Amino acid sequence: MKQISHLDDIPSTPGKFKMDKSPYNRLRWHSSLAKLTFWSFIFLALIFIFFFRSPSSSTPQSLSDPSRRYLQNYSWGGAAWEKRVRSSARIRSRNGMSVLVTGAAGFVGTHVSAALKRRGDGVLGLDNFNDYYDPSLKRARQALLERAGVFIVEGDINDEALLRKLFEVVAFTHVMHLAAQAGVRYAMENPSSYVHSNIAGLVSLLEVCKSANPQPAIVWASSSSVYGLNTKVPFSEKDRTDQPASLYAATKKAGEEIAHTYNHIYGLSLTGLRFFTVYGPWGRPDMAYFFFTRDILKGKSISIFEAANHGTVARDFTYIDDIVRGCLAALDTAEKSTGSGGKKKGPAQLRVYNLGNTSPVPVSDLVSILERLLKLKAKRNILRLPRNGDVQYTHANISLAQRELGYKPTTDLQSGLKKFVRWYLRFYADGKKSGV
Ligand SMILES: O=C(O)[C@H]1O[C@H](OP(=O)(O)OP(=O)(O)OC[C@H]2O[C@@H](n3ccc(=O)[nH]c3=O)[C@H](O)[C@@H]2O)[C@H](O)[C@@H](O)[C@@H]1O
């Protein structure tokens with residue numbers, strides 16, 4: 001009240017309270033009009049900025065939104081960009097699907113995107129092209145997909161504004177979620193990158209999918225590493241998965257639980273695929289078969305791990321083409337999500353499958369195969385399996401995938417590595433690329 005009486009003490013100005021016709025007062029009146037015009041202009045300018053530069057606009061995006069500042073500065077949006085998005089995702093076959101493939105410039109992502117496109121499905125890629133390994137390999141995969149008609153949007157799965165925009169432009173029927181921080185041993189070097197991509201990124205994606213109308217069905221990459229320290233082999237989906245040996249494995253296991261939650265609350269159809277050490281052409285340079293090849297060619301020694309008492313370390317190495325068939329079968333058999341407007345309407349499908357090869361091979365045998373294919377002797381340095389997240393043995397029981405997806409791997413390690421080596425030698429033939 002005191003303040004009001006104080007305001008009341010100020011002499012009233014003619015422009016505000018009295019219609020006085022003196023020239024002086026007219027001047028004051030004009031100055032108020034100028035102020036009003038000025039503030040109206042500012043107001044209109046703000047409205048203009050809001051509508052024409054917001055994420056749902058058609059002009060290119062920068063990181064003006066503070067919640068997106070921790071993301072790398074990707075530029076997206078604009079009429080030309082939207083046209084490319086739409087055209088890439090357009091279905092060109094009867095009963096085809098439109099699939100958003102995250103991690104499309106990655107190893108599995110590239111192969112799956114190309115296979116979907118080949119059979120007439122609409123495919124849009126998304127990738128942040130991070131430098132976990134040589135980004136020029138990712139760029140080469142991008143060029144490959146570009147030629148096949150697949151556009152890869154550059155952006156991060158943590159960027160919800162971008163994801164929402166993509167769903168606004170295309171009503172994706174399916175999401176193939178392969179973007180992740182991969183690698184078992186690197187988790188000790190950069191733990192937060194696993195949380196960022198495999199947990200926060202997954203949640204960001206599921207948040208957008210749950211609100212999309214219609215909700216897509218989601219197939220995503222889990223990992224054989226969720227079996228952790230289990231000793232009962234072969235690994236079955238019914239086995240326990242509560243003793244992960246690496247943070248990587250823990251984040252994949254967390255992903256499976258998060259998938260359960262989004263299925264339960266929002267009716268999202270979710271299928272997790274537990275991949276077993278996938279290898280092949282266009283593979284990942286951080287994986288042993290890849291850098292063993294590089295180092296054998298360079299005459300550098302390679303470290304081969306063995307368990308206590310010269311125990312064999314082995315992997316159920318699975319060839320990329322078999323994995324791609326498994327991924328497509330998972331997409332084809334995925335039922336629709338049941339929710340809409342962020343609300344569940346009924347129970348939805350929730351599945352998890354092993355996609356392995358069912359025949360584990362010791363790492364030392366992998367090296368022998370590479371030696372034969374490269375016609376070079378490896379300099380073997382035998383080391384005790386370090387306690388850095390690696391497990392001694394993986395072996396998939398694939399009967400569930402066989403029954404429900406018709407999954408049947410057909411490539412043995414020898415034939416698969418032959419194809420990998422042929423690709424490797426051709427890809428790095430010019431000597432310009434380093435193979436790292
Ligand atoms: O199956 C899976 O889920 C996982 O498969 C691989 O993980 P990993 O099997 O450890 O593959 P590599 O890193 O290529 O290692 C293969 C084998 O070589 C051994 N190794 C690795 C590196 C090395 O210097 N020496 C060596 O003997 C490892 O102990 C392992 O037995 C992938 O890197 C993971 O991203 C994936 O999730």
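**View 1. The shell around the ligand in a predicted model.** Surrounding the ligand are 18 residues, counted when the C-beta atom, placed from the backbone, lies within 6 Å of the molecule; the closest are Ala182, Ser223, Met287, Ala288 and Phe305. By class, ten of the shell residues are nonpolar, six polar and two charged, where Ala, Val, Leu, Ile, Met, Phe, Trp, Tyr, Cys and Pro count as nonpolar, Asp, Glu, Lys and Arg as charged, and the others, Gly among them, as polar. Strand β8 (residues 301-306) supplies the largest share of this shell, three residues; strands (E, at least two residues) and helices (H or I, at least four) are DSSP runs, numbered from the N terminus. This is a predicted model, in which local features need pLDDT of at least 70 and side-chain atom pairs count only at pLDDT 80 or more, while totals for chains, interfaces and linings use all residues. Residues are numbered from 1 along each chain as its sequence is written.

**View 2. The largest nonpolar core.** This core, a set of buried Ala, Val, Leu, Ile, Met, Phe, Trp, Tyr and Cys residues joined through C-beta atoms within 7 Å, has 100 residues. A residue is buried if 20 or more other C-beta atoms, placed from the backbone, lie within 10 Å of its own. Among those with the most contacts inside the core is Met176, which touches Val99, Val101, Val112, Val219, Cys327 and Leu331, leaving aside residues up to four places away in sequence; contact requires C-beta atoms, placed from the backbone, within 7 Å.

Methods:
A residue is buried if 20 or more other C-beta atoms lie within 10 Å of its own, exposed if 12 or fewer, and partly exposed in between; C-beta atoms are placed from the backbone. Two residues are in contact if their C-beta atoms, placed from the backbone, lie within 7 Å.
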